[in-house]
Amino acid sequence: GEAFFEVTVGPDSVIRISAFLHSLVTAAEERGFKITKGERALAFVVDGETIDVKVAEQVTHTKHIATDAEVEALRKWETRQARRVHSWSGYGWTPRPTPPELDHAPSGVVRLQINEGKYGYNGLRKSFGDGKTQRIETLINAILEALSTWSAAIKAERAARERREQERQEAKRLEEERRRITALEKKRVEALEQNLERRRRHREVLEFVAVVEGKLHDGGYDDPDAVREWIEWAKGYAERLDPIGRGLPRLLQFKDFSPWALR
């Protein structure tokens, strides 16, 4: 529960681990550490960083030896099955008793785990516990030192993560700017080619008008007034085609386009 430490120990270890946790919390508070309610259980707060701990007793696994009660239960089941097969009176079916393959029992060896399941902190000590020559009660200072180390490592990892995110955002910004510059250059080239095409058509129209005027001068048309009307219109059209006639060419800028047009 959130108001308790996460502890999994056998009944014989309860008093011992309660005393150990009391000593650990007292020493932690003397160092300025705090205890807070975490998501699953109590946790330590070291220099603003919340660090989970878990205390668990190792379990021994031994081959199960069937008890007299289990042997008797199996015998009765087999007897009922035999009656059920050879009798029409009917006996309700029950599953075959299945004793466990292994027995599990507390070993008395207790370990404290720091930030169980958290990855990316290779090299930091995560586990403290009973050994051949030590008891977990003698490791309180080492545990507190490890909590301080974890706090510093978490801060460093966060700073590195934030730095990587800033670098990613900057790289993204530069890439977007590069795409915008490339897109703007493409728009400029397109505008130039369009003006070149309009200029070419302008010259072709004027050349054609000149030919018509020459023929008109030589009296080659039956309706000269209609031809003069057409010449006037064609020259106006050529003037509208001419990009030079509309002012000096202007270099296109980012402001000339909406953001989506330069993606």
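1. Strands β3 and β4 form a hairpin with two residues between them, and Asp47 in the turn has a positive phi of about 50°; helices (H or I, at least four residues) and strands (E, at least two) are DSSP runs numbered from the N terminus. The model is a predicted one, in which local features need pLDDT of at least 70 and side-chain atom pairs count only at pLDDT 80 or more, whereas totals for chains, interfaces and linings use all residues. Residues are numbered from 1 along each chain as its sequence is written, and side-chain values use heavy atoms, with hydrogens and water left out.

2. Most residues other than glycine have a negative phi. Asp47 is placed in the loop between β3 and β4, and with a relative accessible area of 59% it is exposed (buried means under 20% relative accessible area, exposed over 50% and partly exposed in between, with a 1.4 Å probe and protein chains only).

3. On strand pairing, which requires that DSSP finds at least two bridges between two strands, β3 (residues 42–46) runs antiparallel to β4 and is joined to it by four bridges, with Phe44 opposite Ile51 in β4. Strand β4 also pairs in the antiparallel sense with β5 (residues 102–114), over 10 bridges, and here His61 stands opposite His104 in β5. The pairing of β1 (residues 6–8) with β4 (residues 49–63) is in the parallel sense, over three bridges, and Thr8 has Ala56 in β4 as its bridge partner.

4. How many aromatic pairs does the rule count? The count comes to three, where rings of Phe, Tyr and Trp (its six-membered ring) pair if their centres lie within 6.5 Å, and planes under 30 degrees apart count as stacked, over 60 as edge-to-face and the rest as tilted. One of them is the edge-to-face pair of Phe208 and Trp230, at 5.6 Å centre to centre with 85° between the planes. Because Phe208 lies in helix α3 (residues 140–217) and Trp230 in helix α4 (residues 224–241), this pair ties together parts that are 22 residues apart in sequence. Phe208, at 48% relative accessibility, is partly exposed, and Trp230 is likewise partly exposed, at 32%.

5. Another pair, Trp233 and Tyr237, is stacked, with 5.7 Å centre to centre and 5° between the planes. Both residues lie in helix α4, four residues apart, or about one turn of the helix, and Tyr237 is partly exposed with a relative accessible area of 25%.

6. The charged end of Arg180 sits over the ring of Phe254, 4.1 Å from its centre; the criterion is that NZ of Lys or CZ of Arg is within 6 Å of the ring centre and within 35 degrees of the ring normal.

7. The largest pocket has a volume of about 410 Å³, a volume being the space filled by probe spheres set on grid points that are joined across faces, edges and corners. On a 1 Å grid over the protein atoms alone, a pocket is an open set of points where a 1.4 Å probe fits, with protein on both sides within 12 Å along at least five of seven lines, and lining residues have an atom within 4 Å of a point. The lining holds 17 residues, of which Ala191, Leu192, Asn195, Pro249 and Arg250 lie nearest the centre of the pocket.
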